[in-house]
Amino acid sequence: MSTMISDLPVAVIGESDGRWRTTTLCLAVDFGSRDDPPGRGGVAHLLEHLLMSAPVDGGHSLSERVERLGGQANATTGLDRMFFQAQVLGDHVPEVARLLTRAVLDPRLDHAVVETERQAVLQELAAAAADPSDTVQDAYLAACFPGHPLGRPVGGSDEAVRALELTDVLGVHREVFLGRRMALVCTGGTAPGEVAEHLAGTAVTRVPASAPSVPSAPPVAVEPVADLAALPWAPQGAGADPDGFSWLATGSRAPSTGDPRRHAFTVLAHLLGPSPASLLYRRLRGQEGLVYAFYTWSRSYTETGAWRIMAGVENRNLRRAQEVVREVLLEVAGRGPDPEDLAVARRQAVTDLVTTAERPWDHAMTLSQETGLGTRSWSLEDGIRALERVTAEEVRLAAVAVTERQLTVVRPEPA
């Protein structure tokens, strides 16, 4: 069971294990690319780079200082969450807790670091644009959430990033980022209570965000998501070169983080996942040999989610691969999963959750998500029970929801 300490503006959440000599600290923020102001696409992602790379107290950056201690540091910007992480030996936790909170909550940014990190972001965008397995995911989310902030690329566009100014970044950090709910999650050898003690006198105590224990804190307003149109399903075409290679993404909406139906969508992802034991693997690769690698997953956000299958396919096989995916989804939607197949999918979902929990870096992010950044209790056992309770009918209904509004995108774009 995770421990929550909520008498600070930033909740401290964690699970400690004395067998670990390292501790992972993860500052999670209810802020992501969906919060980019109009015309400022990519500012959240650029801000993430800056907070990790700007000098702290006139010295090295957070990333370099953690690495100099022998640890590892990284940050991630998602659609509706941002994570800043450091994994260090237990002796360095007091210093790194202070560095992490100072760097993220009270940064010293200037034009020089903005220009340096802008170039890094532009290179990252260029690399992603050259990789169809990246562009197909952006295209899929744009189709799944048309005209909505969740459908915008996390990194923004080249043009938008080039236009960002220091004042844009500072304004978003001060006026939006610092007002969002946050949690400092710790996993490993250091107990949450000890980490909380190290935060005394740090920037955490000056964060304007409401403490998690204050029930009257107003929720963050989110832009409504319009219903996804139910259009007739049809396979997408490929480029003119039959010897070419494309990536496809197909699926539909999924339930939100607060919707218990999301667990059925997770089990459906394993039922049709890349394991040799899955229904889709047996048909798509085992029987027809149409693909080498494919991936299936479900993601939940504040008010909605996205369920998808992504596969790399030779153009000559692209249409048939889409037909097989559709056929298998319709079979599950029609009669539900076979009891043994369902049992396998549930076991795989549970194992995936457990192995994630055994990686402190990933488990810290899971704890932040499942506890709603310190607004509710959650344990690994809770997660296991939720997956084990998923029924065949719930999985069937999840497949129905996907097939009724299934959409597909292909990259490179068809000729």
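**A predicted fold, from one loop outward**

Leu373 sits in the loop that joins helix 13 (360–370) to helix 14 (380–388). In this predicted model, the residue has a positive phi of about 55 degrees, although it is not a glycine. Most residues other than glycine have a negative phi. The relative accessibility of Leu373 is 1%, so the residue counts as buried.

Asp57 is not a glycine either, and has a positive phi of about 55 degrees. Its setting is the loop between helix 1 and helix 2 (62–68). Is Asp57 buried or exposed? With a relative accessibility of 52%, Asp57 counts as exposed, because the cut-off for that class is over 50%. Leu373, by contrast, counts as buried at 1%.

The backbone has another feature to look for towards the end of the chain. Between Arg411 and Pro412 the peptide bond is cis, and its omega is near 0 degrees. Most peptide bonds are trans. Pro412 belongs to the segment that follows strand 10 (407–411).

With these local points in place, the whole protein can be considered. Its secondary structure consists of 15 helices and 10 strands. The C-alpha trace extends over about 60 × 45 × 40 Å along the principal axes. The radius of gyration is 22 Å, which agrees with the value near 22 Å for a compact globule of 415 residues. Of the 415 residues, 53% are buried. Among contacts with a separation of 6 or more, 81% are made by residues 24 or more positions apart.

Carbon and sulfur atoms account for 51% of an accessible surface of about 18,200 Å².

The model contains four aromatic pairs. One of them joins Phe31 and Phe177: their ring centres are 5.3 Å apart and their planes meet at 75 degrees, so the pair is edge-to-face. Phe31 is in the loop between strand 3 (22–29) and helix 1 (43–53), while Phe177 is in the loop between helix 7 (166–175) and strand 6 (182–188), so the pair ties together parts that are 146 residues apart in sequence. Phe31 has 0% relative accessibility and therefore counts as buried. Phe177, also at 0% relative accessibility, counts as buried.

Phe177 has another aromatic partner in Phe84, and this pair too is edge-to-face, with 6.3 Å from centre to centre and 80 degrees between the planes. Here again distant parts of the chain are linked: Phe84 is in strand 5 (residues 82–89) and Phe177 in the loop between helix 7 and strand 6, 93 residues apart. Phe84 counts as buried because its relative accessibility is 0%. Together, Phe31, Phe84 and Phe177 make up one aromatic cluster.

The loop between strand 3 and helix 1 also holds Arg34. Apart from neighbours within four places in sequence, Arg34 is in contact with Leu79, Asp80, His148, Pro149, Leu150, Arg152, Val222, Glu223, Thr302 and Glu303.

Leu248 gives a view from a strand, namely strand 7 (residues 245–254). Its relative accessibility is 2%, so Leu248 counts as buried. Which residues does Leu248 contact, leaving aside its neighbours within four places in sequence? The partners are Val136, Ile309, Met310, Ala311, Val313, Leu318, Gln322, Val409 and Val410. Between Leu248 and Ser298, 50 residues apart in sequence, the C-alpha to C-alpha distance is 16 Å.

Helix 9 (residues 262–271) is also worth a look, as this helix is mostly covered, with nine of its 10 residues buried. The buried residues are Arg262, His263, Ala264, Phe265, Val267, Leu268, Ala269, His270 and Leu271.

How values were computed. Residues numbered from 1 in each chain as written. Predicted model: local features only at pLDDT ≥ 70, side-chain atom pairs only at ≥ 80, totals over all residues. Heavy atoms only, no water. Helix = DSSP H or I, 4+ residues; strand = E, 2+ residues; numbered from the N terminus. Rg over C-alpha atoms; globule rule 2.2 N^0.38 Å. Buried < 20%, exposed > 50% of the residue type's maximum accessible area, 1.4 Å probe, protein only. Contact = heavy atoms within 4.5 Å. Areas by Shrake-Rupley, 256 points an atom, 1.4 Å probe, with all protein chains shown as cover. Phe/Tyr/Trp six-rings, centres within 6.5 Å; stacked < 30°, edge-to-face > 60°.
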